Amino acid sequence: MSQRFHQRAAELHNLAAHAHSAAAVAHGKEDHLTAHELSQQAHEHSMNAHKLAEEIAPKKTSEE
């Protein structure tokens with residue numbers, strides 16, 4: 001079960017990185033509205049990954 005959570009957290013981090021990259025491209029094209037929306041999406045993915053990582057950490061510690 002823990003492996004599945006780790007994979008999901010990694011996926012969320014990858015989604016955040018992709019959204020950050022897309023936001024940078026949009027900003028470079030002076031599409032600031034899209035860049036802002038993508039930055040918000042990246043932040044949301046990062047926060048979800050962080051929450052999931054926090055849920056995983058206590059379980060892993062208690063298993064050891």
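Asn48 is placed in helix H2, where helices are DSSP runs of H or I with at least four residues, strands are runs of E with at least two, and both are numbered from the N terminus. In this predicted model, local features need pLDDT of at least 70 and side-chain atom pairs count only at pLDDT 80 or more, whereas totals for chains, interfaces and linings use all residues. Residues are numbered from 1 along each chain as its sequence is written, and side-chain values use heavy atoms, with hydrogens and water left out. With a relative accessible area of 31%, Asn48 is partly exposed, a class lying between buried (under 20%) and exposed (over 50%), as computed with a 1.4 Å probe on protein chains only. The C-alpha atom of Asn48 is separated by 7.9 Å from that of Ala9, although the two residues are 39 apart along the chain.

His45 also lies in helix H2, which spans residues 32-63, and it counts as buried because its relative accessibility is 16%. Residues up to four places away in sequence aside, His45 touches Leu12, Leu15 and Ala16, contact meaning heavy atoms within 4.5 Å.

The largest nonpolar core comprises six residues, namely Phe5, Ala9, Leu12, Ala49, Leu52 and Ile56; helix H1 (2-28) and helix H2 are the elements that each give two or more residues to this core. Such a core is a set of buried Ala, Val, Leu, Ile, Met, Phe, Trp, Tyr and Cys residues joined through side-chain atoms within 4.5 Å. Within the protein chain, which has two helices and zero strands, 22% of the 64 residues count as buried.
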